[in-house]
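Open the model in your viewer and keep the selection panel at hand. We will go stop by stop.

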Amino acid sequence: MKEIIIAGRTCPIHFGLRAVSEFTKMQGGTFENTVGTAEALGSLDSIVSLTATGLNEGARRSNSEHRYTEEEVWDIFDEDPQLILTVSEFFIEAITPLTDKLGELIKNGKGPTKVKPKR
């Protein structure tokens, strides 16, 4: 889990599988497009949505009751536009090991959809 500073306050942000899944559902996309392309970071709207999801997942994991709306995230970015880059970097850092591992599995013919037959 990472942390960002919002209005002088440290806030946890997390882009684990649950956050990526939730964001993917909200965007109406696929897991592959979300983590395998730049779609998640392709527009300010998607970055705001992704940020709200990551902040809410960070809050959940740290047992905080606070939840963020996309409107709040727009206001946060208005106050500190540099956070757009910080959050984007955190997201890429979080999904890179996952996409590397999945890519390796697929390349080796051991993709997650392959099921070994029972004997």
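**Stop 1: the paired strands**

Select residues 2–6, strand E1, and residues 9–13, strand E2: the two run antiparallel and are joined by five bridges. Strands pair here if DSSP finds at least two bridges between them. Strands (E, at least two residues) and helices (H or I, at least four) are DSSP runs, numbered from the N terminus. This is a predicted model: local features need pLDDT of at least 70, side-chain atom pairs count only at pLDDT 80 or more, and totals for chains, interfaces and linings use all residues. Residues are numbered from 1 along each chain as its sequence is written, and side-chain values use heavy atoms, leaving out hydrogens and water.

Now find Ile6. Opposite Ile6 stands Arg9 in E2. Two residues lie between the strands of this hairpin, and Ala7 in the turn has a positive phi of about 50°.

**Stop 2: the core**

Which residues have the most contacts inside the largest nonpolar core? Select Ile4, Ile6, Leu55 and Phe77; the core has 23 residues. Such a core is a set of buried Ala, Val, Leu, Ile, Met, Phe, Trp, Tyr and Cys residues joined through side-chain atoms within 4.5 Å. Helix H5 (82–107) is among the elements that give two or more residues. H5 gives the most, with six.

Centre on Leu55. Its contacts (heavy atoms within 4.5 Å) include Ile4, Cys11, Tyr68 and Val73.

**Stop 3**

Select Val73, Ile76 and Phe77 in H4: they are buried (under 20% relative accessible area; exposed is over 50%, partly exposed in between; 1.4 Å probe, protein chains only). Turn to the face away from the buried side: exposed Glu71, Asp78 and Glu79 are there.

Definitions and conventions:
Lists of a residue's contacts leave out its neighbours within four places in sequence.
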